[in-house]
Amino acid sequence: MKRNFKSKSVKTILDNMISGSNSLNSGLNNVKVQKIWEQTMGSNVNSYTKEVNLKNKTLYISLSSSVLRQELLYGRAKIIENLNDHLGREMIEKLVLR
């Protein structure tokens, strides 16, 4: 008896697993956003960044400097645009600085 198996690549299997799991997908997106934040904002901003968290298209940034927080508030729209450009899609709609 001959079995008819279709072979799939590991990438295809992993992509199917990730797309099927909301919590896994959101966790991976959170890690991507954290890395992009570090790369795009530079070492000065990163030294004051305590936490980067993405929830429901809202990016929450915890900062240890109130002066930096105020400065970043002025450029909030540009920051969102820049991060989305680096991510390759509209993943962030709102930025909350704490």
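Select Asn56: at 76% relative accessibility, this residue counts as exposed (exposed means over 50% relative accessible area, buried under 20%, partly exposed in between, with a 1.4 Å probe and protein chains only). The model is predicted, so local features need pLDDT of at least 70 and side-chain atom pairs count only at pLDDT 80 or more, while totals for chains, interfaces and linings use all residues. Residues are numbered from 1 along each chain as its sequence is written, and side-chain values use heavy atoms, with hydrogens and water left out.

**The turn**

Asn56 is in the loop between β1 and β2. Helices (H or I, at least four residues) and strands (E, at least two) are DSSP runs, numbered from the N terminus. Check the backbone here: phi of Asn56 is near 50°, a positive value in a residue other than glycine. Most residues other than glycine have a negative phi.

Move to Lys57, which is found in the loop between β1 and β2. Its phi is near 65°, again positive in a residue other than glycine. Lys57 is partly exposed, at 40% relative accessibility.

β1 and β2 form a hairpin with two residues between them. The strands run antiparallel and are joined by six bridges; two strands pair if DSSP finds at least two bridges between them.

**The salt bridge**

What do the side chains of Glu93 and Lys57 meet in? They meet in a salt bridge, 3.7 Å from N to O (a side-chain nitrogen of Lys or Arg within 4 Å of a carboxyl oxygen of Asp or Glu). Glu93 lies in the loop between α4 (76–87) and β3 (94–97) and Lys57 in the loop between β1 (49–55) and β2 (58–63), so the pair ties together parts that are 36 residues apart in sequence. Glu93 is exposed, with a relative accessible area of 57%. The structure holds one salt bridge. Side chains of opposite charge can pair when their charged atoms come close.

**Inside strand β1**

Select Asn53, which lies in strand β1. Is Asn53 buried or exposed? Asn53 is buried, with a relative accessible area of 16%.

Leaving aside neighbours within four places in sequence, Asn53 is in contact with Asn30, Thr58, Leu59 and Tyr60, where contact means heavy atoms within 4.5 Å.

**The nonpolar patch**

Select Val10, Ile13, Leu14 and Met17. These residues form a nonpolar patch on the surface, with about 380 Å² of accessible area together. Patches are made of residues with over 30% relative accessible area and no salt bridge; like charges are joined within 9 Å, nonpolar side chains (Val, Leu, Ile, Met, Phe, Trp, Tyr) within 5 Å. Accessible areas come from the Shrake-Rupley method with a 1.4 Å probe, and for residues, only the protein chains shown count as cover. Ile13, one of the patch residues, is found in helix α1 (residues 10–20) and counts as partly exposed at 39% relative accessibility.

**Last stop**

Gly75 is partly exposed at 25% relative accessibility. From C-alpha to C-alpha, Gly75 and Leu14 are 37 Å apart in space, and 61 residues apart in sequence.
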